[in-house]
Amino acid sequence: MTTTPEDSGAEVCVIIPAAGSGTRLGEPVPKAFVDLCGRSIIERCVDNIPASLGASIVVVVPIDLVERARELLPGVVVVPGGAHRSDSVRAGIAAAGAAQILLVHDAARPLTPAHVFTAVVEAVAAGHRAVVPGVPVVDTLKQVTPGSDGLELVARTVDREELRAVQTPQGFTREALLRAHADDSGLATDDAGLAERCGIPVHVVPGDPLAMKITTPWDLRIIRDVVGEPALDSEVGR
């Protein structure tokens, strides 16, 4: 029998929106169901959520893959998603029961280490309403403008010291995430962006390179190489 958040009484719920097609990956199935060295991406994503959180898990998938996801993920709440990511997150919130700390986690980050989840939850529990993991930007960044000959023109070099590449899980109090998704007009590439837009302060905890996102075939190739490395298990569990 599937365990629901209401049954578990969990204070923390991890919502995984996985209803996208992932067309940039170029695979014949939606991204979350792509094979990653013997297990699907979504299975590996769920596997890496640390049991120590005592969290319930809600996975949001395309409606025609709900039964397949339930077969792959026993004990996980699976619900159908919507046309847009924000619709899927709201479907996840509705299925999250009474949990007061909600994490929204990309299915496409299947190797996110346990310590990242723990740091986000601890920061939210400490009183921060919105928390994201982030890693320092290592590349030199240039702001560009269109040039007259078809080439872009560098306008300035951006100071990377104050920049962070943001990852998931992104953590919120229940109230903050509901408020962030009450109005999703305009563009926001993540849930923290919605929170920022309605005036909720967003704090950053250290992320991890293993929390990289699978978007392109090259990303998938890298992740498959990493999964095949013997040292991975010790790294992910730290």
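**View 1. The largest nonpolar core and the elements that build it.** The largest nonpolar core has 31 residues, and those with the most contacts inside it are Ile 16, Ile 42, Val 59, Val 61 and Leu 103. A nonpolar core is here a set of buried Ala, Val, Leu, Ile, Met, Phe, Trp, Tyr and Cys residues joined through side-chain atoms within 4.5 Å, where buried means under 20% relative accessible area, exposed means over 50%, and partly exposed lies in between (1.4 Å probe, protein chains only). The elements that give two or more residues to this core are β1, α2 (41-47), β4 (56-61), α3 (66-72), β6 (101-104) and α5 (114-125), and α5 gives the most, with five residues. Helices (H or I, at least four residues) and strands (E, at least two) are DSSP runs, numbered from the N terminus. Apart from this core lies another, of 21 residues, among them Ile 15, Val 60, Val 79 and Val 104. The model is predicted, so local features need pLDDT of at least 70 and side-chain atom pairs count only at pLDDT 80 or more, whereas totals for chains, interfaces and linings use all residues. Residues are numbered from 1 along each chain as its sequence is written, and side-chain values use heavy atoms, with hydrogens and water left out.

**View 2. The surroundings of Val 61.** Leaving aside neighbours within four places in sequence, Val 61 is in contact (heavy atoms within 4.5 Å) with Ala 18, Ala 19, Phe 33, Val 66, Ala 69, Val 78, Val 79, Pro 80 and Gly 81.

View 3. Helix α5 has twelve residues and reaches 17 Å from its first C-alpha to its last, close to the 16 Å expected at 1.5 Å a residue; the expected span is 1.5 Å times one less than the number of residues. Within α5, the residues Ala 114, Val 116, Phe 117, Val 120, Val 121, Ala 123 and Val 124 are buried. Just after the helix, Gly 127 takes a positive phi of about 120 degrees.

**View 4. Val 46 in helix α2.** Val 46 lies in helix α2 and counts as buried because its relative accessibility is 13%. Beyond its neighbours within four places in sequence, Val 46 is in contact with Ile 16, Ile 57, Val 59, Leu 73 and Val 76. Val 46 and Ala 119 are 73 residues apart in sequence, and their C-alpha atoms are 17 Å apart in space.

**View 5. Pro 17 in strand β1.** Pro 17 lies in strand β1, which covers residues 12-17, and it counts as buried because its relative accessibility is 13%. When neighbours within four places in sequence are left aside, Pro 17 is in contact with Val 60, Arg 85, Ser 88, Val 89, Val 104, His 105 and Ala 107. Arg 224 is 207 residues from Pro 17 along the chain, and the C-alpha atoms of the two are separated by 22 Å.

View 6. His 105 is found in the loop between β6 and α5, and it counts as buried because its relative accessible area is 0%. The side chain of His 105 reaches the backbone oxygen of Arg 109 at 3.4 Å. Apart from neighbours within four places in sequence, the contacts of His 105 include Val 14, Ile 15, Ile 16, Pro 17, Cys 45 and Phe 117, as well as Thr 168 and Pro 169. The peptide bond from Thr 168 to Pro 169 is cis, with omega near 15 degrees, and Pro 169 lies in the loop between β10 (164-166) and β11 (170-173).

View 7. Strand β8 (residues 141-146) and strand β9 (residues 152-158) pair in the antiparallel sense over six bridges, pairing being counted if DSSP finds at least two bridges between two strands. The bridge partner of Pro 146 in β9 is Glu 152. The two strands form a hairpin with five residues between them, and Gly 150 in the turn has a positive phi of about 95 degrees.

**View 8. Cysteines without a disulfide.** The structure holds zero disulfides, a disulfide being a pair of cysteine sulfur atoms within 2.5 Å. The sulfur of Cys 13 is too far for a bond, because the closest cysteine sulfur, in Cys 45, is 13 Å away; Cys 13 is buried, at 0% relative accessibility. For Cys 37 the closest cysteine sulfur is also in Cys 45, at 16 Å, which is too far for a bond. Cys 37 lies in the loop between β2 (35-36) and β3 (39-40), is partly exposed with a relative accessible area of 38%, and has a phi near 55 degrees, a positive value in a residue other than glycine.

Terms used
A polar contact is a pair of N or O atoms within 3.5 Å; within protein, one must be able to donate a hydrogen and the other to accept it, and residues adjacent in sequence count only if both atoms are side-chain atoms.
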